[in-house]
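Welcome! Have a look at the model below, and then let us walk through a few of its backbone details together.

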Amino acid sequence: MQAIVIHDAKDLRIEERESAAPGAGEVAIRLAAGGICGSDLHYYNHGGFGAIRLREPMILGHEVSGHITEIGAGVSGLEVGALVAVSPSRPCYGCGQCERGLHNHCENMRFYGSAMPFPHIQGAFRQSLVADARQCVLADGLSAGEAAVAEPLSVCIHAARRAGDLVGKKVLITGSGPIGTLCCIAARAAGATEIVVTDLADTALGFARSVGADQTINVGSDAAQLSAYAEGKGTFDVLFECSGSEAALAAAIPTLRPRAVVMQLGLGGDMTLPMMLITAKELDLRGSFRFHEEFETAVQMMQRGMADVKPLISHTFALKDAVEAFQMAGDRSQAMKAQISF
């Protein structure tokens, strides 16, 4: 089978790898679609991010869907030919964090396409994938491309849960990339009544409007429009910070009302925070990292029409054009979610 392998920054190759047969509790999947994530782009453009660096060739990819081709012993509820969304979250279920129900903080997590441990955890951008049956969620009624968006949508559903009650709330989202736009969908589904999205790119903001943002603001060309929300000690009840930008966070905090919630999703590195203003406003600063049990919910939301992700799938490339796909995925003037068809 063919797989998409990163060797170093800008050194992406399509290579042959051995296929495997499913064991007990596993299924074999013929991959159908895979979405290129921000972390994939960090490996492609920079060979890693922060202190996490590539130390050996690694198959990329963790936003995938495919059709079951073979079923291992002891698997029920799945059948050959079925389209499934495949969760990349593979906790051990036995460590202290798993026993506390915090599976996204598993001490032995095997998350597809991660260079955090060594040897690296190989990813899912391969024509044939063997997965645990419990990673697979039936995606009847969805396209393969939609099913592959279940992973980033799960990230946003997890963040919405961490933010607390959103019914009737005014929400600000900084960063209109895939996570920011999907947070718009998740926040609306959770009951938010006003959603404002900011970014530096008009194309990205157009995608936010396509999924229901009430207002979008290009803070590069019209920062004063966001500043207006700071009047009267602030307007917004919840901030979803999805850019990982210190400047975006600093500009957003004055627009939050006292005792608002700052939900940090963006992973852009360490930031210097305006702690005095955070303290004086009694803001709640919360982190949100990955997901686990939300994955099935993400699939169900799409199936039931509660989350329409189709407008965000901007480009689809053949496997042989993987390098072109990665180049397009990093072009914010054109792309939102670039996917590879396997």
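Helices (H or I, at least four residues) and strands (E, at least two) are DSSP runs, numbered from the N terminus. This is a predicted model, where local features need pLDDT of at least 70, side-chain atom pairs count only at pLDDT 80 or more, and totals for chains, interfaces and linings use all residues. Residues are numbered from 1 along each chain as its sequence is written, and side-chain values use heavy atoms, with hydrogens and water left out.

Most residues other than glycine have a negative phi, and most peptide bonds are trans.

Another loop, between α2 (96–99) and β9 (128–132), holds Pro119. The peptide bond that leads from Phe118 to Pro119 is cis, with omega near 0°.

Now for a helix. α4 (residues 150–163) has 14 residues and reaches 20 Å from its first C-alpha to its last, close to the 20 Å expected at 1.5 Å a residue; the expected span is 1.5 Å times one less than the number of residues. Twelve of the 14 residues of α4 are buried, among them Leu153, Val155, Ile157 and His158. Just after α4 comes Gly164, with a positive phi of about 90°.

Methods. Buried < 20%, exposed > 50% of the residue type's maximum accessible area, 1.4 Å probe, protein only.
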